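Trainee: Could you guide me through reading a sheet and the helices that pack on it?
Mentor: Let us take the features one at a time, with the general idea before the case.

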Amino acid sequence: MISPIPSLTYSLADAPEDISIVGGKAANLGRLIRAGFNVPEGFVIVADPNDAPPIQYESVVGIAIRAAYNRLGQGQVAVRSSATNEDGKAASFAGLFHTLLGVEWSDDLLAACNRVRASVKSLAVEEYQRDLLLDLPRMAVIVQRMVDARYSGIAFTCNPITGDADVVVI
């Protein structure tokens, strides 16, 4: 039997739960959507197993991104990290990877995707992973519709300083 060719992009609603393909953030956003939570639409560009060079406009990945962005309906998006071992019991890379807001199509979207992908090789990330003896993560990229929000925040499902899993910090 011939195995199917994997997709280069997935809608967040259809994102596989395999974090080695789409990273933890995209996998969890997909779970939330499938559970009925209101999550802004978007798609994920799979983690590159070959650590390829920057995405070019006319490359296969560039064409896949353009098609996914057109299906999304265009407009402003957030371009976010979804690393393969971004957050877990041993580490949290929160704040170390790039996020770009208010991005629109043209070369800006590909440049934003490339910047997020390249942030996995920043000095801060390399030092953090080396100090914790972790494998360097691979980077999937989320492109998600911007929401006109009055307020925003972050909720940690455990205390990020003490590691106490019985505490939620907002």
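Mentor: Helices (H or I, at least four residues) and strands (E, at least two) are DSSP runs, numbered from the N terminus, and two strands pair if DSSP finds at least two bridges between them. This is a predicted model, in which local features need pLDDT of at least 70 and side-chain atom pairs count only at pLDDT 80 or more, while totals for chains, interfaces and linings use all residues. Residues are numbered from 1 along each chain as its sequence is written, and side-chain values use heavy atoms, leaving out hydrogens and water.

Trainee: In what order do the five strands form the open sheet?
Mentor: Strands of a sheet pair through backbone hydrogen bonds, either parallel or antiparallel. Here the order is β1-β2-β5-β3-β4, with antiparallel pairing, and the edge strands, β1 (9-11) and β4 (100-103), each pair on one side only.

Trainee: How many bridges join β3 and β5?
Mentor: Seven bridges link β3 (residues 77-83) with β5 (residues 139-145), and Arg 80 stands opposite Ile 142 in β5.

Trainee: Which strands does helix α1 touch?
Mentor: Contact means heavy atoms within 4.5 Å. By that rule helix α1 (residues 19-34) touches β1, β2 (42-45), β3 and β5 as it packs on the sheet.

Trainee: Is Ile 154 buried or exposed?
Mentor: Buried means under 20% relative accessible area, exposed over 50%, and partly exposed in between, with a 1.4 Å probe and protein chains only. Ile 154, in the segment after β5, counts as exposed because its relative accessibility is 56%.

Notes. Axes are lines fitted to C-alpha atoms, for helices over the stretch in contact, and angles run from 0 to 180 degrees between N-to-C directions.
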